[in-house]
Amino acid sequence: MRIRDTGDLWWKNAVVYCLDVETYLDWNDDGVGDFPGLLQRIDHLADLGVTCLWLMPFYPTADLDDGYDVTDFLGVDPRLGDVGDVVELVRTARDRGIRVVVDLVVNHTSDRHPWFRAARRSTSSPFRDYYVWRQDEPPSTKDQVVFPDEEDGIWTLDDATGEWYRHRFYSHQPDLNTANPAVRDAIAKTIGFWLELGIAGFRVDAVPFALSDVAARPGDAIEDPHDFLRTLRAFVGRRSGEAVLMGEVNLPYADQALYFGDTSPGDGDSGTEVSELTLQFDFNAMQAMYLSLARADAGPLAAALRSRPTIPHDAQWATFVRNHDELTLDKLTLEERQEVFDAFGPEESMQLYGRGLRRRLPPMLNGDPRRVRMVYSLLFSLPGTPVLYYGEEIGMGENLEAPGRLAVRTPMQWSPERHGGFSHAPARRFPTPLPGDGWAPEHVNVADQRRDPDSLLSFIRLLTHRYRECPELGWGTPEVLDQPSAAVLAHRTTWQDASMVTVHNLSPDPVVVDLSLGDLPEETRLVDLLDHDDCEPGPDGAAQVRLDGYGYRWLRVVVPGARRLL
């Protein structure tokens, strides 16, 4: 074992769970979820096997973008609680082996933030250069907007001074000038504040946009925008040895690799690592997975896994099926995207911005429990750190009557009671309406599934615990295995003396998969960790694995004398 293969790199095999406090549990019955409500459900997360809780923005907000329009980075939205509640959550979670990570929104603020209010009063304001301005009328930038259905460009005229300010996102979210040393100091102050309260890291929002390429003043420009990330990572490391930066970087793999940092040859096997992000969400594999599901062909996902770049030893991919935004398909070709639309979101109301879907997985798969379970088995077996979005553990659906991305941000469904046990307040006060029809709380809820050993909740709990017992899935080197069935993804992950083979059938037809595992000691077994269907490879490493339609197997390679927990 190399000295760096130690448990302090906790993120290498964590189970991350993302939630929005305002939609999780309303404890004071005002219609909005709150920290006291979340505290009441921390044992649900511990029982599920969660080891890292990621909180979406809970800061004071103008509430025009579900909390991502922040008005105070050092505060807590009074509807949700106060700083003392955050500290209590961190302490309670830590007692149950759960670290807490929070959203860090450093690309922009709300236009109601005191910085921007001061900046727009005068061109000589000391806060003017906290944002990005231009005096001349900009050319058309409609092709640069993130939300093409809602914004015409990335520059808006501010009447007070007659200059334009930049906003990559909504016009009420002016971009911070992260090339300005004063802004960087303010961001560091924010990070330091939350770390002192016990936060274990940050999910960094919209990372590529935060590396400003247009500074407010010529003197602000920096030679290498990535210097900002390196500085943040170094600062976080000084303040907390265990804290992480988990980045949202939706770029092709070659560009994503740059955001992990450089790894150059050095003394011994450690190299010289210039670190940036600790984890990055694997948007490329996620989109390839949906294309594979639409085609019942594992080829696109296999190709994505094979093309993953080499990353620093202490970095990690964060894998996911769903998140809080639209299910973006922007890395697929127009033809490929249409295939996914046709399979999982054929109605225009299910699509968003022409590039993604505003649906959750179970409705996309028509509620087929075989396919849903196969996809989550695939998630937890992919090399990386799995990230769950709240409600996935019970198979929640979306509400397409909610606008935009709010369709998948509906209240958590705890019981079959009215309003799903989320709140006793009138539904009109809720942040978003609950799903209806077959996805309503009387059909999908935690209470009923906790009592059912065959429920999706029980299955997800099994996956989290098996994943935690298989360090090779987080630490190991993956290898996509060649085999004759186009519908099957087979891959092997090895770390130290542990090796796991996982196979997933993306089609409804049963199949026998012929695998070649190379030379193996005599009496080697493939032990099924999800069922009781072990198999024995031949002396040449050949094995036949039976899969039902949408079937899956986790097979640990166990050699004679192995002492791994089976």
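Two strands are treated as paired here if DSSP finds at least two bridges between them. With that criterion in place, Leu 279 stands opposite Gln 316 of strand β12 in this predicted model. The contact belongs to a parallel pairing in which 3 bridges join strand β11 (residues 279-281) to β12.

Before following that pairing further, the overall form deserves attention. The secondary structure of the protein comprises 16 helices and 23 strands. A compact globule of 566 residues would have a radius of gyration near 24 Å, and the protein agrees with this expectation because its own value is 24 Å. The C-alpha trace spans about 80 × 65 × 50 Å along its principal axes. Of the 566 residues, 61% count as buried. Among contacts between residues at least 6 apart in sequence, 69% join residues at least 24 apart.

Besides its pairing with β11, β12 pairs with β16 in the parallel sense, over 3 bridges. Within this second pairing, Phe 320 stands opposite Val 387 of β16.

The structure holds 6 cavities of 30 Å³ or more, and the largest cavity contains about 80 Å³ of space. This largest cavity is lined by 14 residues, of which Trp 54, Phe 281, Phe 320, Asn 323 and His 324 are the closest to its centre. Strand β16 (residues 385-389) gives the most to the lining, with 3 residues. By class, the lining has 8 nonpolar, 2 polar and 4 charged residues.

A further element of the architecture is an open sheet of 3 strands, whose order is β4-β6-β5 and whose pairing is antiparallel. The edge positions are held by β4 (133-134) and β5 (155-158); each has a single partner strand, so one side of each is left without a neighbour in the sheet. Strand β6 (residues 163-166) is joined to β5 by 4 bridges, and the two run antiparallel. In that pairing, Trp 155 has Arg 166 of β6 as its bridge partner. In general, the strands of a sheet pair through backbone hydrogen bonds, in either the parallel or the antiparallel sense.

Terms used
Residues are numbered from 1 along each chain as its sequence is written. This is a predicted model: local features need pLDDT of at least 70, side-chain atom pairs count only at pLDDT 80 or more; totals for chains, interfaces and linings use all residues. Side-chain values use heavy atoms; hydrogens and water are left out. On a 1 Å grid over the protein atoms alone, a cavity is a set of points where a 1.4 Å probe fits but cannot get out, and a pocket is an open set with protein on both sides within 12 Å along at least five of seven lines; lining residues have an atom within 4 Å of a point. Grid points are joined across faces, edges and corners, and a volume is the space filled by probe spheres set on the points. Ala, Val, Leu, Ile, Met, Phe, Trp, Tyr, Cys and Pro count as nonpolar, Asp, Glu, Lys and Arg as charged, and the others, Gly among them, as polar. The radius of gyration is taken over C-alpha atoms; the globule rule is 2.2 Å times the number of residues to the power 0.38. Buried means under 20% relative accessible area, exposed over 50%, partly exposed in between (1.4 Å probe, protein chains only). Contact means heavy atoms within 4.5 Å.
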